[in-house]
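Subject: Structure handover

Hello,

Here is the structure for you to look through. My notes come after it.

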Amino acid sequence: PRALGARSIIGDPRNEKMQSTMNLKIKYRESFRPFAPSILEQFKLQYFNLEKESPYMLFTRDLEEEFLVSKEVNNNLSNKMDLLNIKRSDVTSVTHVDNTCRVQTVSKARNKLFYDLINSFYKKTKCPILINTSFNVRGEPIVCNPEDAFTCFINTDIDFLVLGNYLVKKNDMKSSIFKKFKKIEFLPD
């Protein structure tokens, strides 16, 4: 029932606006809804004091204090909803207002492709975490095939679509072409 690196929408957890952007422009749901961090397994102890694997997002853990913005900033806010509009951690888009996260650990043995993607992100940014949420919009099931994926892609503000070894960039598509379609028909091989 969860996106575990396949049929996923992923994003940069460091971006303060990513949580509200993904919720409002892609998932079409309330801006405060949290997203899960997918983390390279070797960093689980450092970021979440998590000793065991959590490959299915079954555990909620506090983000370690060294990655939080000063607690004084958080304690001075009278309304916890205001926390959504400030940077509360180094990975603010996957940190709930109570500083917890529903963690997915990713190992090379369990999911090499997703591990390699997160590891590439880590090599560029020094952040071993990506936002990971199911590839669907509110009220719809998770995408099941390339047609579903493309339909969801063209009807949301998702920037890129990766299908196997193919990359589709929304900016490269002519908006007059893809906005006309509600459902795309794929030709058989």
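This is a predicted model: local features need pLDDT of at least 70, side-chain atom pairs count only at pLDDT 80 or more; totals for chains, interfaces and linings use all residues.

Residues are numbered from 1 along each chain as its sequence is written, and side-chain values use heavy atoms, with hydrogens and water left out.

Salt bridges

The search of the whole structure finds 4 salt bridges; the term stands for a side-chain nitrogen of Lys or Arg within 4 Å of a carboxyl oxygen of Asp or Glu. Among them is the pair R110 and E53, at 3.0 Å from N to O. R110 sits in the loop between strand 4 (100-106) and helix 4 (112-125), and E53 in the loop between helix 2 (44-48) and strand 3 (59-62), so this pair ties together parts that are 57 residues apart in sequence. Helices (H or I, at least four residues) and strands (E, at least two) are DSSP runs, numbered from the N terminus. R110 is partly exposed, with a relative accessible area of 45%, and E53 is partly exposed at 36%. Here buried means under 20% relative accessible area, exposed over 50%, and partly exposed in between (1.4 Å probe, protein chains only).

D116 and K112 form another of the salt bridges, with their closest N and O atoms 2.6 Å apart. Both residues lie in helix 4, 4 residues apart, about one turn of the helix. D116 is partly exposed, with a relative accessible area of 25%.

The side chains of D12 and R14 also meet in a salt bridge, at 2.6 Å from N to O. R14 is partly exposed, its relative accessible area being 31%.

Helix 1

Helix 1 covers residues 18-27, and its buried residues are M18, Q19, M22, N23, I26 and K27. Seen down the helix axis, these fall within an arc of 130° (taken from the directions from the axis to the C-beta atoms), so they line one face of the helix. They pack against strand 1 (8-11) and strand 5 (129-134), where contact means heavy atoms within 4.5 Å. Y28 follows helix 1 and has a positive phi, near 55°.

Surface patch

F160, V162 and L167 make a nonpolar surface patch of about 320 Å². Patches are made of residues with over 30% relative accessible area and no salt bridge, with like charges joined within 9 Å and nonpolar side chains (Val, Leu, Ile, Met, Phe, Trp, Tyr) within 5 Å. Accessible areas come from the Shrake-Rupley method with a 1.4 Å probe, and for residues only the protein chains shown count as cover. L167 lies in strand 7 (residues 166-169).

Regards
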